[in-house]
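This report covers selected contacts and local geometry in a set of protein chains. The sequence and the structure are shown first.

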Amino acid sequence: MSAPTDVASLLARHGEGRGWGALARAITQVENSPPWLVSLPPVQRPVHVVGITGPPGAGKSTLTGRLIEAYATAGARVGVLAIDPSSPISGGAVLGDRLRMETHLMGRDDVFVRSLASRGSHGAIAGATRNVARLLELSGSFDVILIETVGAGQTEVAIAELADTIALVTVPGLGDAVQAIKAGLMEVADIVVVNMADRPGTPETVRHLRLTLGRDLPVTTTVATEGTGVEALRALFDERWAGLSANGALPALRDRKRAREAALIAEAWTRACAEEIEQSPDLNTAVKEILEEAARRWTI
Amino acid sequence: MDDLETEPALDVQRWREQRLARDYERVPPRREQPATLSGIPIADVYTPADVEGIHPARDIGLPGEYPYTRGPHASMYRGRPWTIRQVAGFGQAEDTNGRFKYLLAHGETGLSTDFDLPTLLGYDSDHEIYRREIGKIGVAVDTVVDMHALFDGIPLEDVSTSLTINAPAAVLLAMYRVVADERGIAGSRLTGTTQNDILKEYTAQNEFIFPPVPSVELVVDTMEYGAEVMPRFNPLNACGYHIRDAGSTAVQEVAFTIAAGLCYLEAARDRGIDPDRLAPRVSFFWNVHNDFLEEVSKLRAARRLWARMMRERLRCTDPRSWLMRAHCQTSGVSLTAQQPINNVARTAIQALAAVFGGTQSLHTNSLDEAFAIPSEAAIKIAVRTQQIILHESGAADVVDPLGGSYYVESLTSRIEEEAAGLIARIDDMGGMIAAIESGYVSQLIADSAWEQQLALERDERTTVGVNAFSDDDRSTGGIELFQSDPGVAERQIARLADVKRSREERRVAQALRELEAVAGDLHHNRMPLIEEAVRARATVGEICDVLRSVWGEYRPSTVF
Amino acid sequence: MSQHTPPIKVVVAKPGLDGHDRGAKVVARALRDAGMEVVYTGIFQSPESILRAVIQEDAAVLGLSSLSGAHMEYAIDLCRMLRENDREDVLFLVGGTIPDDDAARLKSVGVSEVFGPGARTTDIIAYIEDRVRA
């Protein structure tokens, strides 16, 4: 594993405007390098990075598809990163989010969707995802970047944390809402979306969330399969971005996020070093020698 | 010497420990854990003990009587043989009409039609994107004009026709009726089927258009329409064939199919229609796969389970509602590209299972199945296969010949039990639509397909010519594969343009408008309006587009 | 760490209206179990949406599954589109009900290999690993 070699020239090639190929290859470079080896130029023109997360079965991919449609119809250029878990056994993955979004994308050449597998530790994927999002920002080709993750575990929280706006998608029924709270997602969320809002229990769930969250946190409802509430959600995202940009809060927010990102990457780096050491034959020999010596000296 | 009078019981334990063990010492068992193709374990031997819980009168009965385990009719093939019904469809209507006549001339006794992908999915031949699929795997039908040509010279009052169509079945059903009507043939004389089982599309064949709920209501529309206007026609053919070929087990095939049948009838009941009015015209379509005895048992189990469901669950009182009539097709997925002539043997064995299982109608696949749609020469062999079974094998002279076999009765009961259990689980989920939308059904099928692939690749299962006895032989014995005519698309598009030019646009527009106005009212029967649109020469695509605009489109499953 | 080669990325696609997806799904699962990253596009895909997936996902392999007789036209289209977009390097595989004559013709237009009925997933995996890691 080494640092990406080609990113600058690929970005330049992308700038010549001949399709998505160069950008896609740049992403591969970044994806295939450990995040601590990736160094990208600073972002001059920040783009709103929105994380869409929450427990499985909440219809996130469908909602993301609808959001893409809503943004694109409003004339915004959309980039999407969809993260799916890698199999812990084989290391492979079936990246199924693109499929779930596709019906809303039929024929759209102007939307860029890239699937990423979680691959390693949550720090590594979080760092990698943020770097890829940074690449998309640097490309100058997007007005909004959506990051969609599946699940409510540590990895998803780590990835979501690094976005400017974190939308937690849940469904009616208090059980799921409680699960999300337990997972720590509630703490990082900037907006909570109750999807499948045509199901029974929606008003109760919304009420409960507003009470529990206790702060000034917007809770909104959608029926992604029908597109209901999606425009309102997009408006909420835009409102928040406008707010962050206007009152100068964005740089401070991003600094905090960078610190968090650095911590996650440091964690990932430490993990990688430890793995390397564990697998090192020299270590095994050294440990064996120590144990043999100890056995020799302190035989009972 | 054994004293038969003082040793009445069979001592299977002793037999196993002494005789069988000794046999296996000499020659070890061929298979470690013998099981049916679907994974049901097969015991060392079956004896009366294995059928102890089975009651001869209550569970097995007599042919033609509830619960119909032994067959839906008393005389079975000693009276009327099963219908030889080979599916045909390619090119334009005239091309398929030619194949119909060929098959009838060679002794088939019922027609069955395959439609091309645009038609199956409710698109017209002049659709900008799908032109390349016109007429390739089935016949292109855009309007009732094509339907007329399809059945040109065929006496609809005498020949039973099956239309293998699902999502737009309502349209094709109306077309069939209108063709007959315009020829002066009363609806009451028409016999045949529209497949029209939309629920299996979402999990197996993927030829759906609209979401499940309105699609099921459309099926109810056709069933009610059929009961009124074509009372000898079967508007619904609940299918296990595709589910099985998609990879399911025999038990899943039975359970998902019967659950679908129940779903349609219960939806009808929710609309205030008495199931007894519709159930007698619900027919079934089963796969016949490689495991001969499992397939025979499966057909018997399905008949008995349906009869019980109809009588006890739906409380139908008409015996014709309890009675399952079935068409079978030999398994397409079981046929190989390697040494294709072997497929004739496979198909013959599978066909025999359908006959022993008591089918009313049968399609036998052709040896070139793995490459293309059937050539004339190959389909002729498939027809002859059925005729040889009927006239030479003696199988048709005995009613339910395997009835009473310890193994077959025990396996029949087991399949029935497990299928009933799976249906109960589906009920717990809220019914078949819920089970489909949650991905449950698709996941079970995908998992089973995966297991079968593993078994094949690990050589736990043998497929002759593929992972055993293989060579480079791909010969079809001189039979030339079917080649689709590249000119079909252009000709069909031209014909469609002609029809559009010569029809009365206002009448079409009005009919479509009226359909759109009521489509959203799920319990409103749309068939009269669809029929009017068809008479006005509206196209399959135009009618489906109206329904698309009201109901939306269903997204494909994402289950692996 | 130094042994770490990134997973091979594969797009598995079903073009046109053909809904027979048993094989495509089994292959996707097998490739995943062999450590590859599989983007399954699902059914009802146009050549354009398939190309877009290959390019945006920067896939090394494209697997097309077709059991509807229209494989030739779709394969020819996609070969041309891959060429036009500088992606001739993509390993293009086709599976499904493909007569032998068609298989030969497919290979002449740019398809690397055809895996017909009865093909083993282990063979497909070996073929991909062999060609991509070469």
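Predicted model: local features only at pLDDT ≥ 70, side-chain atom pairs only at ≥ 80, totals over all residues.

Strand E2 of chain A, residues 78–84, pairs with E4(A) in the parallel sense over six bridges. Within this pairing, Asp84(A) has Ala117(A) of E4(A) as its bridge partner.

**Interfaces with chain C**

Chain C is in contact with chain A and with chain B. The size of an interface is often given as the accessible area lost when the parts come together. The table lists the values for each pair of chains.

| Chains | Residues in contact | Buried area | Share on carbon and sulfur atoms | Salt bridges | Residue pairs in polar contact |
|---|---|---|---|---|---|
| A and C | 33 residues of chain A, 28 residues of chain C | about 2,500 Å² | 51% | three salt bridges | 13 residue pairs |
| B and C | 40 residues of chain B, 32 residues of chain C | about 3,000 Å² | 55% | five salt bridges | 17 residue pairs |

Between chain A and chain C, one of the three salt bridges joins Arg119(A) to Glu37(C), with the closest N and O atoms 2.8 Å apart. On the side of chain A that touches chain C, the elements giving two or more residues are helix H2 (21–31), strand E3 (93–95), helix H4 (97–102), strand E4 (112–117) and helix H11 (249–279). By class, that side of chain A has 15 nonpolar, nine polar and nine charged residues.

Strand pairing also crosses from chain A to chain C. E3(A) pairs with strand E2 of chain C, residues 37–45, in the parallel sense over three bridges. In this pairing Leu95(A) stands opposite Val39(C) of E2(C).

Which three residues supply more of the area that chain B buries against chain C than any other three? Against a total of about 3,000 Å² buried between chain B and chain C, Arg132(B), Trp450(B) and Phe560(B) supply 25% of the area that chain B buries. Arg132(B) also meets Asp77(C) in a salt bridge between their side chains, at 2.6 Å from N to O. The elements that give two or more residues to the side of chain B touching chain C are helix H5 (117–120), helix H10 (241–245) and helix H19 (440–457). H19(B) gives the largest share of that side, nine residues. By class, the side of chain B that touches chain C has 21 nonpolar, nine polar and 10 charged residues.

**Asp18 of chain C**

Asp18(C) lies in the loop between strand E1 (9–15) and helix H1 (22–33) of chain C. Is Asp18(C) buried or exposed? Its relative accessibility is 2%, so Asp18(C) counts as buried. The side chain of Asp18(C) makes a polar contact with the side chain of His20(C) at 2.8 Å. That side chain also reaches the backbone nitrogen of Leu67(C) at 2.8 Å. Leaving aside residues up to four places away in sequence, Asp18(C) touches Leu117(B) from chain B, together with Ile43(C), Ser65(C), Ser66(C), Leu67(C) and Ser68(C).

**Backbone geometry in chain B**

Most residues other than glycine have a negative phi, and most peptide bonds are trans. Chain B has exceptions on both counts. The peptide bond from Tyr66(B) to Pro67(B) is cis, with omega near 0°. Pro67(B) is placed in the loop between helix H2 (56–60) and helix H3 (76–79) of chain B.

Met76(B), in helix H3 of chain B, has a positive phi near 40°. Met76(B) is buried, with a relative accessible area of 7%. Arg537(B) is not a glycine either, and has a positive phi of about 75°. Arg537(B) sits in the loop between helix H22 (527–535) and helix H23 (540–551) of chain B.

Note on methods:
Residues numbered from 1 in each chain as written. Chains lettered and ligands numbered in written order. Heavy atoms only, no water. Contact = heavy atoms within 4.5 Å. Buried area = accessible area lost by both parts, 1.4 Å probe. Salt bridge = Lys/Arg side-chain N within 4 Å of Asp/Glu carboxyl O. Polar contact = N/O pair within 3.5 Å; in protein donor to acceptor, adjacent residues only side chain to side chain. Helix = DSSP H or I, 4+ residues; strand = E, 2+ residues; numbered from the N terminus. Nonpolar A, V, L, I, M, F, W, Y, C, P; charged D, E, K, R; others polar. Pairing = 2+ DSSP bridges. Buried < 20%, exposed > 50% of the residue type's maximum accessible area, 1.4 Å probe, protein only.
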